[in-house]
Amino acid sequence: MNSNIPIRLGEPIQEHGMLFVRTDGILETMVKAPLILASLIIVTVAMPIQTSFSSIRILDLTIYSDGTTHVSAKIEVDPLEPNFELDLFGQSIDNFIAVDDSGYLLSQEIVKDKAIIDTFGLSNIIIDYDTYDLISKEGRTWTFTFDSPSDYTLLMPKNSVIVGMSGLPSNMKLVDEQTKLDLPAGLSEINYVFGTINPTPEIPNESSFNYINAIIIGGSITAIVTGVVLILKRKQSKSSQLILHADSISNNQIESKPIESKPIETETIFNLRPEMREDDKAIIKFISDKGGQVLESELRKKFLQPRTTMWRAVKRLERLGVIEIDKKDLQNLVKLKKDLEEEK
Amino acid sequence: MKQITLCVLFILISSLVLNGITTTAQAETDLSMLLKITKHAQKQLESQINQDSSDKIKQLFKEGTQEIEALEKSLINNDSDLAKKHFLLAMKIFKELSQQLTDNQSTQTTMTNNTLQDPSTELLRLQKYVDNLRSIAKKYNATISFSELDTLFVTAKNQITDKQFDDVLQTISKIKQITINLNNEIRSYSSQQEQSRATEYAQKYLEQLDRLIENAKNQGISENIIQKLETTRDDLSLATDPHDIIKQIREIISIKEQFELTKNDRLESRIMQIEKTLLELSNSEKLNQTELDDSKKTLQTIKDHMVNGDFETANELLRSLVTLLEQFRD
């Protein structure tokens, strides 16, 4: 290898013509390598320093169901500056808090869409606030519009379904039944509606088919079917002991219906239970619309109620004898009673 | 020499290009998730379409579905560019479809209307804010009672359960008023700490200012500018109130900008940041004692170079130290 170098760049080139001499000096005369080198060094040196001041390290947004957005950010600030002027995402700001890395409160003043925070040599600050200006609503459709200075995460409200998106998310996952998106810096528009469909649609994926799951599901279905058959048989034997022919016919009719048979009309229930509260009636209506049985978690989602509140409502309805509570996969299954008239 | 130059050029260009590639790779999208989003939207919109829906709505739904099918095919063929294109087209169509449905189904706004009437969300946000204040108060060991607020939150929740929305609004108003008072109380605790932080910061700034004045003298900067800097330095050393400290430092910054003396500020800022990072790392035990001592020694060398006006060497050393510490930080 070394022996080839003088042949290509050495004597023969200089001996046989000016063309090679020019080529030899082209770096200095035309390309100006030192200049490029210096520029590149400056760019490389400046890059990490320029990007390290007043940059957002973490930005998390949470959209609430009323159209407000909670902003939470960790920002690297210039430790040489006594205070830091923060551009807020909107002018309608609520519940603003700025703290240092250790969680100590920082003084701040908000003027329109800017917050001036006294940092006194801090390198990082953490800010939290709610803004009303990132979301608009037209009809049923809510629109989140945000021109982000950095990559960020966006937690969508519970029960929301994205129906429009102007850009590509870099990731998506489910956090406590809420969709969390990782979005890149820049302008994003996301349209969403509130729906009743579960936010994780099952997408068939042959490659990831899980036989163990299939066995478990299959086993559960078999167990449920067996259980239903046993219950039906037991009811059948009870009914056969009844002397009244009419009653036995009636029982047979009930048995012949599938388990998901249509429950009694909600109006009938309301007539039989006139003392029922209006909000409880809404729950009964919802259960009825869902075929007579729903999980308690679905009720919480639908009516945006905390666990204890919904539990109280369900127990209230149970006391009225309108519903019964069963267990399904460690969850409460709330079912409309089918024998309400008899009790009355 | 030429070969060395070319080699350095090559390394620099390669590092810049590789850096770009890494960034792009990090931003790469998990494409299967795009299908999930579109399918979910499709399912939701399908549930809102019925036989009475207009032809345009039905046509849009059909087009959206076709885009999803095309997206699915692109994913099978590993054609990410085409998949992204179909995703964006599907979402554009579904957005229009959603708007069309809104126009047609103005009566179906019960859910959102309920949400607007229901102050649960406002209460939830207030609760989070109060929780933040509570943890801050704890930091200061402040003897502030949150019991009244806690009771009001329970009352508001019960009122929401009973759909007594007018009463809830009154309770929320009370919560807000108490929160303002609590905030002021916490601020009285934090002001003491702020005072000492401001003084400490002013002290550090004075050290930096001394270095700047020294360098200015060495560089032959006019006596008038040095005089101005020295006057503001004396004013700053006398300031004790945080607002006065800010005012004085702003004045110094203004003088520095006026006479173009800010070129070393970035280096100074970086040094301060490195000091903080070192402190963080030493607390988190990510650095062992030897590494910590070495880093501190390097930082001191950087400061010495700064005092001597050797900014290039200081900058070089600083960059090496930053790279090293970033590795530990990650």
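At roughly what angle do the axes of helix H9 and helix H11 of chain A cross? This is a predicted model, in which local features need pLDDT of at least 70 and side-chain atom pairs count only at pLDDT 80 or more, while totals for chains, interfaces and linings use all residues. Residues are numbered from 1 along each chain as its sequence is written, chains are lettered from A, and side-chain values use heavy atoms, with hydrogens and water left out.

Select residues 278–289 (H9) and 307–319 (H11) of chain A: their axes, lines fitted to C-alpha atoms over the stretch in contact, come within 11 Å and cross at roughly 85 degrees. H9(A) and H11(A) are therefore roughly perpendicular, a term for angles of 65 to 115 degrees.

Next, show the side chains where A:Asp279, A:Asp280, A:Ile283 and A:Ile284 of H9(A) meet A:Met310, A:Ala313, A:Arg316 and A:Leu317 of H11(A), contact being heavy atoms within 4.5 Å. The residues of this contact divide into 5 nonpolar, no polar and 3 charged.

After H8(B) comes B:Gly220, with a positive phi near 75 degrees.

Finally, colour chain B by burial: of its 330 residues, 43% count as buried, that is, under 20% relative accessible area with a 1.4 Å probe.

Key:
Axes are lines fitted to C-alpha atoms, for helices over the stretch in contact, and angles run from 0 to 180 degrees between N-to-C directions. Helices (H or I, at least four residues) and strands (E, at least two) are DSSP runs, numbered from the N terminus. Angles under 35 degrees count as roughly parallel, over 145 as roughly antiparallel, 65 to 115 as roughly perpendicular and the rest as oblique. Ala, Val, Leu, Ile, Met, Phe, Trp, Tyr, Cys and Pro count as nonpolar, Asp, Glu, Lys and Arg as charged, and the others, Gly among them, as polar. Buried means under 20% relative accessible area, exposed over 50%, partly exposed in between (1.4 Å probe, protein chains only).
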